[in-house]
Amino acid sequence: MEVGTIFSNYLINVAFIAWLSAQVLKTLFAFWQTKTFIPERLVGAGGMPSSHSSLVCSLALATAKKLGYNSPEFAIAVVIAAIVMYDAMGVRRAAGEQAKVLNKLMDGYTLKNFLWDEKGFSDEIEGDEEIEKKGELEELKDVKLKEFLGHTPLEVLGGALLGILVAMLMPVV
């Protein structure tokens with residue numbers, strides 16, 4: 001299969017352009033807020049507008065335009081869009097909030113906290129065991145969980161509207 005074959009698919013083209021538009025806008029909004037170019041925003045999750053919402057909403061509307069509002073494909077696209085947007089505002093957003101809390105906890109983590117075991121606080125750790133515990137702590141302190149995972153309802157709405165706009169503007173081929 002040639003790459004040209006994939007890009008001759010109207011539905012894929014609409015969805016890709018909607019996703020790309022959202023990622024570029026997300027990067028521009030992040031630059032506007034921070035005055036710093038953050039390359040990760042070009043491909044990363046989270047932020048305004050939701051590229052996931054943009055992609056699935058554009059796909060749903062493009063499917064309706066190409067195959068009709070009564071088509072089974074449109075019904076499938078709408079259901080998938082609803083699941084993706086619900087997930088972005090629910091599970092993925094909650095995971096991102098938990099990551100923020102865990103990252104803050106780890107910033108204040110000390111060796112004394114780390115020496116707590118199932119029997120309580122153990123400050124009698126000495127020698128090789130203490131060195132091992134310090135090494136484990138240093139490894140943990142370097143780990144930063146990804147905080148940009150989900151979206152606020154406004155970010156999802158922004159992505160959905162962008163996706164709808166892209167699908168409306170692209171003529172059916």
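What you have open is a predicted model, where local features need pLDDT of at least 70, side-chain atom pairs count only at pLDDT 80 or more, and totals for chains, interfaces and linings use all residues. Residues are numbered from 1 along each chain as its sequence is written, and side-chain values use heavy atoms, with hydrogens and water left out.

Stay on Val166, which is found in helix α8. Helices (H or I, at least four residues) and strands (E, at least two) are DSSP runs, numbered from the N terminus. Is Val166 buried or exposed? At 9% relative accessibility, Val166 counts as buried; the cut-offs are under 20% relative accessible area for buried, over 50% for exposed and partly exposed in between, with a 1.4 Å probe and protein chains only.

**Zoom out for a moment**

Colour by secondary structure and you get eight helices and two strands in the protein chain. Read along the sequence, the pattern is α-α-α-α-α-α-β-β-α-α. Of the 173 residues, 33% count as buried. Among contacts with a separation of 6 or more, 73% are between residues 24 or more positions apart.

**α2 against α8**

Two packed helices are described by the angle between their axes and the distance between the axes. Show α2 and α8 together: their axes come within 9 Å and cross at roughly 135 degrees. That makes α2 oblique to α8. Here, axes are lines fitted to C-alpha atoms, for helices over the stretch in contact, and angles run from 0 to 180 degrees between N-to-C directions. Angles under 35 degrees count as roughly parallel, over 145 as roughly antiparallel, 65 to 115 as roughly perpendicular and the rest as oblique.

The crossing of α2 and α8 is right-handed; a crossing is left-handed if the near helix is turned anticlockwise from the far one by less than a right angle, and right-handed if clockwise. By class, the contact of α2 with α8 has nine nonpolar, two polar and no charged residues. Ala, Val, Leu, Ile, Met, Phe, Trp, Tyr, Cys and Pro count as nonpolar, Asp, Glu, Lys and Arg as charged, and the others, Gly among them, as polar.

**α2 against α3**

Helix α2 (residues 10-34) and helix α3 (residues 51-67) have axes that come within 8 Å and cross at roughly 150 degrees. That makes α2 roughly antiparallel to α3. The crossing here is right-handed. By class, the contact of α2 with α3 has ten nonpolar, five polar and three charged residues.

Click Ala15, which is in helix α2 and is buried, with a relative accessible area of 9%. Its contacts, leaving aside neighbours within four places in sequence, are Leu55, Ser58 and Leu59.

**The cores**

Select Tyr10, Val14, Ala18, Ala22, Leu61, Ala62, Leu162, Val166, Ala167 and Met170, the ten residues of the largest nonpolar core (a set of buried Ala, Val, Leu, Ile, Met, Phe, Trp, Tyr and Cys residues joined through side-chain atoms within 4.5 Å). Helices α2, α3 and α8 (153-169) each supply at least two residues of this core. Which helix gives the largest share? That is α2, with four residues. A second, separate core of seven residues includes Val56, Met85, Ala88 and Val156.

From there, hop to Ser53 in helix α3. Ser53 is at 0% relative accessibility and counts as buried. Not counting residues up to four places away in sequence, Ser53 touches Met85, Val156, Gly159 and Ala160.

**Last stop: the loop**

Most residues other than glycine have a negative phi, and most peptide bonds are trans. Select Lys35, in the loop between α2 and α3: its phi is near 60 degrees, a positive value in a residue other than glycine. At 61% relative accessibility, Lys35 counts as exposed. Pro49 lies in the loop between α2 and α3, and the peptide bond from Met48 to Pro49 is cis, with omega near -5 degrees.

Key:
Contact = heavy atoms within 4.5 Å.
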